[in-house]
Amino acid sequence: MSPHVFEGKRPHTGDFPSKTAGGAVGRADLLRRGVTERLEELVGGLAADADPGDVYVGWVAAADAAGCPARFRASGVDGWGFPGWSPALAAGAVGRVALARHLDRHVTAVAASNPALPHPLAAVKTWMKEARETPTSPVAEWVTQLTRQGDRAALAVTASLATRWIAGFVRVLGWPLPEGLVLVVDDPGSPSARRGTPAFRPRLSSTRRVAIAVASKPDAMVGTVAPSGRFDVLFHRANSSDDLTLAERAAFEATAASLAIGIVPRAVVLTVADTGERLRFPVADDLLERGADLAVDVVRQRLRASEVAGDEYGDAVPSSACRYCSERETCPPGVAWLIRPGRRHNGLPVLTS
Ligand code: SF4
């Protein structure tokens, strides 16, 4: 699928901000109002005794809810919240901040026009040493904790994955990095990077209090974040994925970033290390509309999960994910998928999705 073409479910067909109406700020304002109205409607219909807790809407939750709503609802508090740092989860955060530190030293500090190409492992090791001395971000505190615990294996895997992140990022984007590109980091002390934007928290007029946060966590911004909307939000992936997943990711991030920043960006850029792709999705109305559907559906599923159980598996979507789903022994569609004729061929699984 071309990044300029999107195919997907569009159950919501209400009014939507036109690409030309109101400019980037006006479109974001209309988007905020539209999403807030839809959330109000959902929260207003919540059962009186239901307690959904705080609802965090990020890309992982959106992908899970879209993949199999039944599995997402069943994942519970452990599945909905941040699972805690791990080498795989920390790779991007460590890679970004280590690259930002390299830029601080070689670009900002000495105003060099041709900064030295970073040696990825050296950049990560240098940052880890600094982080252990003065941890200034949650991921730096986690690295410090690993050091105190003597968990050298976890440190080594984290360094390895972060090294791969930097190498892939530089491979796709080139060096020096494109003009106007600024990394997004949690660390407040980096002059060549910026901090992320707080999540969008809609103010619902419903008498029911449900705290909802819609967040977007880009790896970098390209251009100046200004009311003109002439900036891109950039997300880097180590691995490629199918085109539909990439288009869904672009749609969600376009909407989440617009909601959080209050300005519709010019485009969402997805870079992929293993294929070297740089996919640019202009933020057209259909992309925002699909992203809004994905975000709202996370809330819908979380609210439904908090209500009295009914037909838990009516909207289950069987796929290869059934093999490791916690519901695979009780979910009828999942059980049927796992034991279906022809699933195995010559003793090996036949993977059809
Ligand atoms: S077993 Fe499959 S269909 Fe059922 S909830 Fe899990 S992933 Fe969804």
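**Labels and their cut-offs**

Guide: Start with helix H8, residues 152-173: its 22 residues reach 31 Å from first C-alpha to last, close to the 32 Å expected at 1.5 Å a residue. The expected span is 1.5 Å times one less than the number of residues. This is a predicted model: local features need pLDDT of at least 70, side-chain atom pairs count only at pLDDT 80 or more, and totals for chains, interfaces and linings use all residues. Residues are numbered from 1 along each chain as its sequence is written.

Visitor: What makes a run of residues a helix or a strand here?

Guide: Helices are DSSP runs of H or I with at least four residues, strands are runs of E with at least two, and both are numbered from the N terminus. The chain has eleven helices and ten strands.

Visitor: Which residues of H8 are buried, and what follows the helix?

Guide: Buried means that 20 or more other C-beta atoms lie within 10 Å of the residue's own; exposed means 12 or fewer; partly exposed is in between; C-beta atoms are placed from the backbone. In H8 the buried residues are Thr158, Ala159, Leu161, Ala162, Thr163, Trp165, Ile166, Gly168 and Phe169. After H8 comes Gly174, with a positive phi near 85 degrees. Over the chain of 353 residues, 40% count as buried.

Visitor: Why is Pro198 called exposed?

Guide: Pro198 has 10 C-beta neighbours inside 10 Å, so it counts as exposed. Pro198 sits in the loop between strand S3 (193-195) and strand S4 (212-214). Pro198 and Val214 are 16 residues apart in sequence, and their C-alpha atoms are 9.1 Å apart.

Visitor: What makes S3 and S8 edge strands?

Guide: The open sheet has six strands in the order S3-S2-S5-S6-S7-S8, with mixed pairing. S3 and strand S8 (277-282) each have a single partner strand, so one side of each is left without a neighbour in the sheet. Neighbouring strands are turned by 30 degrees against each other on average, direction ignored.

Visitor: How do you know that S5 and S6 pair?

Guide: Pairing takes at least two bridges found by DSSP between two strands. S5 (residues 220-222) and S6 (residues 232-237) have three bridges and run antiparallel. Val222 stands opposite Asp232 in S6.

Visitor: How do S6 and S8 each pair with S7?

Guide: S6 and S7 are parallel, over six bridges. Val233 stands opposite Val268 in S7. S7 and S8 are antiparallel, also over six bridges. Ala267 faces Pro282 in S8. S7 and S8 form a hairpin with four residues between them, and Gly276 in the turn has a positive phi of about 75 degrees.

Visitor: Why is S7 called largely enclosed?

Guide: Five of its six residues are buried, so S7 is largely enclosed by the rest of the structure.

Visitor: Which residues come nearest the ligand?

Guide: The shell has 14 residues, and Cys68, Cys322, Cys325, Cys331 and Gly334 come nearest. Helix H3 (69-74) and helix H11 (332-339) are the elements that give two or more residues to this shell. A residue is near if its C-beta atom, placed from the backbone, lies within 6 Å of the molecule.

Definitions and conventions: Axes are lines fitted to C-alpha atoms, for helices over the stretch in contact, and angles run from 0 to 180 degrees between N-to-C directions.
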